[in-house]
Amino acid sequence: MNTHTSGPVPEPVPVAASVAKAGPVEVTRVADGQWQAREGELLVGTADLAHRPGGRAFISVDAWTDEAFDRLARVVPAELPTPLHTVVDEADHALIARWGRAGFLPGRREGEYVVPTDPRITGLGSAPVPRGVTIVPFGEAEDAPLRALDRAIRDEIAAAGGWHTMPAEVVPLPDGVTVVDPAKYAVAVLDGRYVGMLRIAPVPRRPRIGVLAVRADVRRRGIGRALLAGALGALHAAGVPDAWAEAQESQHAAVSLLEGVGARRVGGNVELERR
């Protein structure tokens, strides 16, 4: 259950021809936010820097040798302001340990779920829509009130805990751009007011529930469950057997909602941080 926004971004570090040497592996910054590790003329690894909503900076390393990984994991963070983050599969204990040796410690954890769409499994077939609530199907929401709802929910998230509490895999967008494709959203309307939204990314192999959010003043009325029932029912009618969702472990309401409809936790990731 991801979302995105824009926010303050750390000052970028000027591109420089910095080169760090250790044994045969050399790490060189080749562009702003991009590094390469080489053994002689042979490319043995790369590292990239990306900024996510709220200004969080993430680095990723792709290396062909252990030595190249260790060099990149140490040299690149040393050239950047902190805090820095990276995301690792929770089951990859060896990789978590490698990052740990570079000064990165475990932080937030996020579960990955396969969500069934069959009402006989989810139990949502007869889920009542709360009094006064109407669910607007995908592609039928009005653009202006949808964007206003999106902005209002983002403001509530920022005021409540900040974007560091949001899931890790968030797509950065240009400033001011939030709702890219309104057709991907189903909306809950209460007494004429847009109060909740669910976005599904139409990933071919398994659609992904990207956002499920309800305005703070109308939560605990079953609106999120009604949105989920409508979305999963539409996917089931289209012949899609299941969907994909993520939820931060500390967000108990989201986890309970997913588990309550028969979602299976099939994996997860851990966000590591270096301060």
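**Reading a predicted fold, feature by feature**

Q: Is His 85 buried or exposed?

A: Buried means under 20% relative accessible area. His 85 has a relative accessible area of 6%, so it counts as buried.

Q: Which residues is His 85 in contact with, leaving aside neighbours within four places in sequence?

A: Those contacts are Arg 56, Ala 57, Phe 58, Ile 59, Phe 104, Glu 271, Leu 272 and Glu 273. With one of these, Glu 271, the side chain of His 85 makes a side-chain polar contact at 3.2 Å.

Q: Stepping back, how many helices and strands are there in the chain?

A: The chain has 6 helices and 13 strands. Its length is 275 residues, 45% of them buried. Among contacts between residues at least 6 apart in sequence, 70% join residues at least 24 apart.

Q: How should I read a helix such as H1, and which of its residues are buried?

A: An α-helix has 3.6 residues a turn, so residues three or four places apart point the same way. In this model, H1 (residues 66-78) spans 19 Å from its first C-alpha to its last, close to the 18 Å expected for its 13 residues. The buried residues of H1 are Ala 68, Phe 69, Arg 71, Leu 72, Ala 73, Val 75, Val 76 and Pro 77.

Q: What about the nonpolar cores: which residues touch the most other members of the largest one?

A: In soluble globular proteins, nonpolar side chains tend to be buried together. Here the largest nonpolar core has 30 residues, and Val 115, Leu 198, Ile 209, Ile 223 and Leu 228 touch the most other members. At least two core residues come from each of S7, S9, S10, S11, H5, S12 and H6. H5 gives the largest share, 7 residues. Taking Ile 223 and setting aside residues up to four places away in sequence, its contacts are Pro 130, Val 133, Ala 188, Val 195, Val 214 and Val 218. There is also a second, separate core of 24 residues, including Val 75, Ala 102, Phe 104 and Val 270.

Q: Which strands pair with S9?

A: S8 (residues 133-136) runs antiparallel to S9, joined to it by 4 bridges. In that pairing, Val 136 has Val 187 as its bridge partner. S10 also pairs with S9 in the antiparallel sense, over 6 bridges, and Leu 190 stands opposite Arg 193. The hairpin of S9 and S10 has 2 residues between the strands, and Asp 191 takes a positive phi near 50° there.

Q: Last one: where is Arg 199, and is it buried or exposed?

A: Arg 199 sits in S10. With 13% relative accessibility, Arg 199 counts as buried. Its side chain makes a polar contact with the side chain of Tyr 185 at 3.4 Å. From Arg 199 to Asp 181 the C-alpha distance is 9.5 Å, and the two are 18 residues apart in sequence.

Technical notes. Residues are numbered from 1 along each chain as its sequence is written. This is a predicted model: local features need pLDDT of at least 70, side-chain atom pairs count only at pLDDT 80 or more; totals for chains, interfaces and linings use all residues. Side-chain values use heavy atoms; hydrogens and water are left out. The expected span of a helix is 1.5 Å times one less than its number of residues. Buried means under 20% relative accessible area, exposed over 50%, partly exposed in between (1.4 Å probe, protein chains only). A nonpolar core is a set of buried Ala, Val, Leu, Ile, Met, Phe, Trp, Tyr and Cys residues joined through side-chain atoms within 4.5 Å. Contact means heavy atoms within 4.5 Å. A polar contact is a pair of N or O atoms within 3.5 Å; within protein, one must be able to donate a hydrogen and the other to accept it, and residues adjacent in sequence count only if both atoms are side-chain atoms. Two strands pair if DSSP finds at least two bridges between them.
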